[in-house]
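Let's take a walk through this fold together. Keep the viewer open and follow along.

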Amino acid sequence: MVKPKLLKKILRSMWGAKKSYFACVFVIAIGIVCYCALTTVCDSLQYSLDNFYRDTRFADAFATVSEIPKARLAALDGIEGVAGVEGRLSETGRVLTEDRETIVTLRLIGVDPQAAWTAAGTAAEASSAVPAGAGAQPGASAHAPAPAASSAGSALNMYLADGGGLTEIDDILIGKAFLAARGIAPGDTIEIALYGQARAFTVKGSVQSPEYIYTMPNDGSLFPDPMTFDIAFVQSGALETISGRQGAATDLAFALESGYGFDDVKSPLEDALKNYGLAALYSRDDQPSNLLVTQELDSIASMSAPMSGLFLFVAAAILYIMLRRIVEQERTQIGTFKAFGYTNREVVSAYILYGLITGFAGGLLGALLSIPASGAYFDLFSEYFNIPSVETQVNFRYLFTGIGLAVAAGGAAALLGVKNIIKLSPSDAMRPSAPAFITGSLADRVRFLPLILTKRGMMALRFIGRNKLKSALILFSIAISFSVMSVTYSFNTLIDQMIYDQFNKSQIYDIKTVLKGPAAKEAALSAFRGLPGVRDAEAIIELPVSVVHENRTRQIALTGLNAGSAQFRIIDDQGRLYAPPTDGLILTKNFADSMGLTRGDTVLIKSPLLPEDKPVRISNVIGTNFASSCYMDAAALADFFRQPDFATAVVLLTEPGESARVKEALIRGENVASVNDARRILENYRALMGSYISLIYMILLMAILIAFAIIYNISSISLSERQRELATMRVLGMTTAETAEVLTFEHWVLFAAAVAVGIPMTLAMRQALTAAISNDLYGMPSGTPPVAFIYSAASCAISVFLSNLAARRQIGRFSLVEVLKERD
Amino acid sequence: MAAILSVRNVTKKYIMGEVTVEALRGVSFEVDEGEFVVILGPSGSGKSTILNIVGGIDFPTAGEIYYKDTPIHTADEKRLTLYRRNSIGFVFQFYNLIPNLTAKENIELASELSQNPIPASELLEKIELSDRAGHYPAKMSGGQQQRVAIARAIAKNPDILLCDEPTGALDFSTGISVLKILRDFNTDYRKTVVIITHNAGIAAMADKTLYVRDGLIDRITTNETPAAPEDIEW
């Protein structure tokens, strides 16, 4: 227990050097914000997701078939391990809007009107699945955390967010994001065209589905765009009538019995569905939306420990240096305490308080700041993940762990910094400490240095050389700050570059038109080339297929491109151009990695267009920054499917200023499923990145402040350590600027060394981050543009400059008489 | 001989919380060019305050100080720095050598500031430490350090050397050797030397001695036949 008077002394000393301690507290707080916010967000998302999956009875396995009579589903139920199966018909319908340039589509899913919904507000309340037609009240809150709600009895994968059920044949429940984006409310009417018929539906409410948490159409889009695509549920009867597929299902979802896994049911299901045009069969783990969300969660989780660890290391390093100095400065006081009879333990305990208090203050501040930070961060994710959001709960476990970590870091740094107290005897303490500099340093071994440097420059270099540990800690602290900045700067630049490359080197077309179904290539081309305003058209093939390798099955769009294409080319992340292969597939690296594939391997392609699974060789694996893709030469692809040349999409270059006119013509086209404007994709990307950019700038600001805090503290410590010699120099007649040169030169040398160390550190950090945050939709380029280093170096240099300015000002304010009066 | 320093009715008050301490209560004296002056007085008498004010590292509360004809009492920090740089050499009781510069570099640190410096090697020879030129302060005795400190102060070739208890931390024989160097500087380079000390024995080698007591000049004595440093005792 620390004696009260010692405690008072410590607190007063801390208050006396409050700026330095505040700087430490700030750096610690940032580390703890990273830890608490990231873990809380991760937990909240996982918690929301788990609840959502459980409440909506997210299926364990999925299959897509050309068509299967619902009456045959009961047979699948009998397969060992299958606890239940639900089959739904799904079709993509075009929403008729005033918008003349954009095709708006909804993925219409037919459901049994009697199916029991999991609904907002009821999921939390002990599994009260809401029967269709008796849904939750409009406006029911979707913010209730859903604890152990068992939704046994409700249909798979359906969540009624708001509104009523499907009581009438023309009722429709639409994705929540779509309604919000388009300002559509329950009671409104919406017209949808399908199979050439326009049909009016009455909007009854909003829905969400665990199958569509990240809602993307199958047209090669890069980002969700709720203005143009979402899901909608209608009565199965309505959809069957429109499509003429009475009693049929295309999308199957399976619940498995407890104790059974996907691998147990895979083969029997494949056999059972073979005759129904099985296009894909995959587990929940490989379900596209789930896969993406899981990757995102993994990336957040993987960033928490290293990010907070880095900041805590920096803070601990500063604290250690500060406390070493304090012990040196207060050696006479320490000797006096010991002479009075204070034990080593009592004195050390008191001095450790410097670290513990700083750690606690930093931890507490960080924990408190993490509450709004995690809220903001969570909102950012909620915007793109279609799940009934819960309020981020204050997770006291993480807050206390964060505070504990901060106290531990502060305590450990303090213990290392003050351990010399134990060795100090009262008699030694009363004498000035032995001079530290007794030998030459590295700087003396470089013979030309004294010739090119002033004495002040040599003083600075020797000080660095003779305080190796301290200098190394300072150097690494600045280097970490520099690297965090470089990584953050590089994000902006690289993402812009990535998008620029994608739309200027790879997908060069102005418009991509996805056809409703395969069409003869030449016929499609002549139709599109004949459109006024079209400069050039190219037919391509995009087919959803399943790629099977060993025990993994993944759905992917297999893209058939044309050799020598001027509109759609295969380019890797290094800018290298590849010809579409005629004898195999080119896979993107993220997809190949997720399947454990390398060049030369053979995979099986599963598609309703193929009578049976067909092998194909992987001719190359290339690194790209965008969605998982799989390429082949278009003609070879048609051959592979034993079809004459065909197209499923046409890419177009338009005459300048003709884009709108072309789009207007296209959306009137009968066989056109969607029209993707490259410009709009870019706009969507910018909107998406807009949210991230605020986060990036926040991190950047913190990194700059941390750099300043580190350098300012180092400068303060250096000043206090050397004020006697600096004052002597002033008395000798040196100006404030000349005297400050010793410190400023030292800082610039450390800064330069930190930048040199920071560059490889940045590259390693970028590599780690790239691996952590790349997912199926996009990969982060792992390089770092030189401009990021320049910006970061400039930011650090500004911090050094400002700290030097502050140091110079302090030197100017030295009371020479007071400083020189004190004995060392 | 012309006065190089004129101190006229200088007072200095320190306000310490609610207490005002009058360190100097109206001090007047003159120091002539080339004089060897000793300011003698007990601890707390105000002699260090006089040295600090005269040396341009502290400000008087009232009164006037002139270096030759230049007023020092009205000088701003910039002019005081130039004054210290060009005209004053300081020697401290605890040497204040820069620990990470060698003996020679410590001297050169000062000579870099001067237009007309005395070469470091010449000074090292004079203080008989040529063989220690590359040694760091930590490897030298107190006497050697003080000799280097004096050489450093002299290196700028200042008009006035102000020494604050230069022998205070040294044994007798080392102290005498230090005083000898100061006397040599005074005679060889015809420079003014002002020493403050509480050691009355040193007064014997002064041309002029100022006796300070309670912030006032108690008396001033002149000495027509100053003793050689080797002949003084304490």
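This is a predicted model: local features need pLDDT of at least 70, side-chain atom pairs count only at pLDDT 80 or more; totals for chains, interfaces and linings use all residues.

Residues are numbered from 1 along each chain as its sequence is written, and chains are lettered from A in the order in which they are written.

Start with chain B as a whole: 6 helices and 10 strands, taken as DSSP runs (H or I, at least four residues; E, at least two) and numbered from the N terminus. Buried residues make up 57% of its 234 residues, buried being under 20% relative accessible area with a 1.4 Å probe, protein chains only.

Now find the open sheet in chain B, with 6 strands in the order 6-7-8-3-9-10 and mixed pairing; strands pair if DSSP finds at least two bridges between them. Its edges are strand 6 (88–91) and strand 10 (216–222) of chain B. Further in, strand 3 (residues 36–40) and strand 8 (residues 192–197) of chain B run parallel, joined by 5 bridges. Ile39(B) has Ile196(B) as its bridge partner there.

Helix 5 (residues 142–155) of chain B lies across strands 6 and 7. Since 13 of its 14 residues are buried, helix 5 of chain B is largely enclosed by the rest of the structure. After helix 5 of chain B comes Asn157(B), with a positive phi near 60°.

How values were computed: Side-chain values use heavy atoms; hydrogens and water are left out. Contact means heavy atoms within 4.5 Å. Axes are lines fitted to C-alpha atoms, for helices over the stretch in contact, and angles run from 0 to 180 degrees between N-to-C directions. Buried means under 20% relative accessible area, exposed over 50%, partly exposed in between (1.4 Å probe, protein chains only).
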